[in-house]
Amino acid sequence: MNELFSQALPVLKEIEANGYEAYFVGGCVRDYYLSREINDIDIAVSATPEEIKQIFKKTIDVGIEHGTILVLHEKGQFEMTTFRTESTYSDSRRPDKVTFVRSLEEDLKRRDFTMNAMALSSSYELTDLFGGREDLQKKEIKTVGLPMERFEEDALRMLRAVRFVSQLDFSIENHTFEAIRVYARRLSRVATERIAAELEKLINGPAMERALRYVIETNLHAYLPVLITEKVVKSLGEIDWKVLNAGERLALIIAIGEFDDVKTLLKQWKMSNKTIKKQLSLSDLLTIRAGRAFTKADIYHMGIEPVTSAEKIAAVLNQRPYDAQYMEDLYHSMRIKSRSDLAFKGTHLIKWTGKKGGPWVKDCTSVIEQLILDEELENNLSDIKEWVESEWLQK
Ligand code: ATP
Ligand code: MG
């Protein structure tokens with residue numbers, strides 16, 4: 001038995017003892033049968049949040065209107081959601097209306113794919129009304145109910161199908177696949193934030209390339225902000241991208257696509273400022289790497305992490321082995337690794353020269369940094385002072 005399940009069991013039993021139903025549902029049940037690691041558990045209950053509050057002393061309202069409540073129990077915190085149905089997503093963001101229902105079946109029916117629509121009871125009895133287990137065995141992603149209807153309700157499900165391909169290395173069942181091709185254009189109505197969250201999971205999955213091929217085959221890519229192009233997918237088939245992490249894979253895709261305005265592209269994807277900054281820096285580093293090998297100064301100015309990432313990406317792009325030893329040696333041989341390692345401060349320069357502060361302090365610091373990195377100067381106060389007095393002041 002899975003540990004997360006065991007921890008939650010007393011909570012499920014307590015809900016049952018109060019005359020309600022409670023089940024593990026969704027992704028955790030799927031992953032349990034796939035023997036995949038379970039990250040978080042979803043619990044569905046017949047009780048409303050108000051009724052749950054009568055049972056447990058400590059609860060936190062996290063989304064009462066959607067039926068979601070957090071129970072703080074001695075065994076941990078458990079989020080649970082009342083059985084519910086959802087009406088259509090007219091703005092493709094969130095369901096127009098959530099209706100609480102008392103039957104598990106109704107709740108499972110609204111879920112996207114058969115593999116995600118199974119429930120496990122506190123006695124480990126499986127409720128599988130749509131053949132989810134069989135589809136897991138077939139390694140197939142198939143909608144609950146008619147695919148066209150389900151994609152009409154929420155077009156994001158099409159992209160979810162493809163991100164599950166990436167995570168599970170499954171195929172998409174034929175009717176589901178055909179429906180995606182027909183309805184692909186509806187993806188353009190879906191809020192980019194929802195799309196970006198699925199895309200991130202897609203790029204991080206072990207079967208990313210297979211998933212991206214589906215994106216192209218179904219024509220979903222035509223209704224996404226540009227990023228995934230036929231050229232990208234074709235190139236990915238020829239290189240060993242698996243060694244890269246999610247951020248590096250994104251940079252790889254951008255590099256292969258040769259998009260000229262990376263910033264605008266990532267903004268269209270509603271990526272966070274942090275992600276944009278990181279990608280722009282990787283993009284700059286890849287441009288540098290195309291012309292020459294990385295130096296200590298690159299690591300000093302840009303940081304060891306992005307430079308290492310760029311080195312890895314460049315190795316993948318050029319189909320050569322990544323030389324980890326070279327990067328490690330380079331890093332360890334650096335006399336200074338960042339500005340805070342410098343033995344002197346700007347105030348020293350002002351004192352030694354007797355000059356007023358100004359832009360020259362920065363210029364002088366840069367020259368000294370480079371000399372230390374090039375091992376032409378020791379990083380200690382007396383050597384630096386001597387250099388300033390004999391070289392800088394004389395020039
Ligand atoms: P992961 O392990 O990546 O979190 P998951 O299956 O738990 O996968 P979530 O996005 O966390 O995926 O959704 C939890 C469950 O809610 C799904 O398993 C599915 O049953 C249901 N679900 C989520 N999004 C939708 C949707 N757009 N339409 C229908 N059902 C959905
Ligand atoms: Mg989940």
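Keep in mind throughout that the model is predicted.

I will start with the sheet. Seven strands make up an open sheet, and across it they run in the order β3-β4-β5-β2-β1-β8-β9. The pairing in this sheet is mixed. At the edges stand β3 and β9, the latter covering 126-127. Each of these two has a single partner strand, so one side of each is left without a neighbour in the sheet.

Now take the end of the sheet that begins with β3. Strand β3 spans residues 59-63, and its pairing with β4 is antiparallel, over 4 bridges. Two of the positions can be named here. Asp61 stands opposite Ile69 in β4, and Gly63 has Thr68 of β4 as its bridge partner. The two strands form a hairpin, with 4 residues between them. In that turn sits Gly67, which has a positive phi of about 85 degrees.

On to β4 and its pairing with β5. Strand β5 covers residues 76-82 and pairs with β4 in the antiparallel sense, this time over 6 bridges. Val71 is placed opposite Phe78 in β5, while Leu72 has Gln77 of β5 as its bridge partner. Here, too, a hairpin makes the link, and it joins β4 to β5 through 2 residues.

Next, the ligand site. There are 16 residues around ligand 1, and those that come nearest are Arg30, Asp154, Arg157, Arg160 and Arg163. Sorted by class, the shell has 11 charged residues, 4 polar ones and 1 nonpolar one.

Several atom pairs can be given for this site. A polar atom in the side chain of Arg30 is 2.8 Å from an oxygen atom of ligand 1. For Arg163, a side-chain N or O atom is likewise 2.8 Å from an oxygen atom of the ligand. With Gly27 the backbone takes part: one of its N or O atoms lies 3.3 Å from a ligand oxygen. Taken alone, ligand 1 exposes 590 Å², and the protein buries 80% of that.

Which elements give two or more residues to this shell? They are α2 (27-33), α7 (156-168) and α9 (192-204). The largest share comes from α7, with 5 residues.

Last, the lysine. Lys296 belongs to helix α15, which covers residues 296-302. Why is Lys296 classed as buried? Its relative accessible area is 16%, and buried means under 20%, so Lys296 falls within that class.

What does the side chain of Lys296 meet in a polar contact? The partner is the side chain of Glu375, at 2.6 Å. Leaving aside residues up to four places away in sequence, Lys296 touches Leu330, Ser333, Met334, Leu373 and Glu375.

How values were computed:
Residues are numbered from 1 along each chain as its sequence is written. Chains are lettered from A and ligands numbered from 1 in the order in which they are written. This is a predicted model: local features need pLDDT of at least 70, side-chain atom pairs count only at pLDDT 80 or more; totals for chains, interfaces and linings use all residues. Side-chain values use heavy atoms; hydrogens and water are left out. Buried means under 20% relative accessible area, exposed over 50%, partly exposed in between (1.4 Å probe, protein chains only). A polar contact is a pair of N or O atoms within 3.5 Å; within protein, one must be able to donate a hydrogen and the other to accept it, and residues adjacent in sequence count only if both atoms are side-chain atoms. Contact means heavy atoms within 4.5 Å. Two strands pair if DSSP finds at least two bridges between them. A residue is near a molecule or strand if one of its heavy atoms lies within 4 Å of it. Accessible areas come from the Shrake-Rupley method with a 1.4 Å probe; for residues, only the protein chains shown count as cover. Ala, Val, Leu, Ile, Met, Phe, Trp, Tyr, Cys and Pro count as nonpolar, Asp, Glu, Lys and Arg as charged, and the others, Gly among them, as polar.
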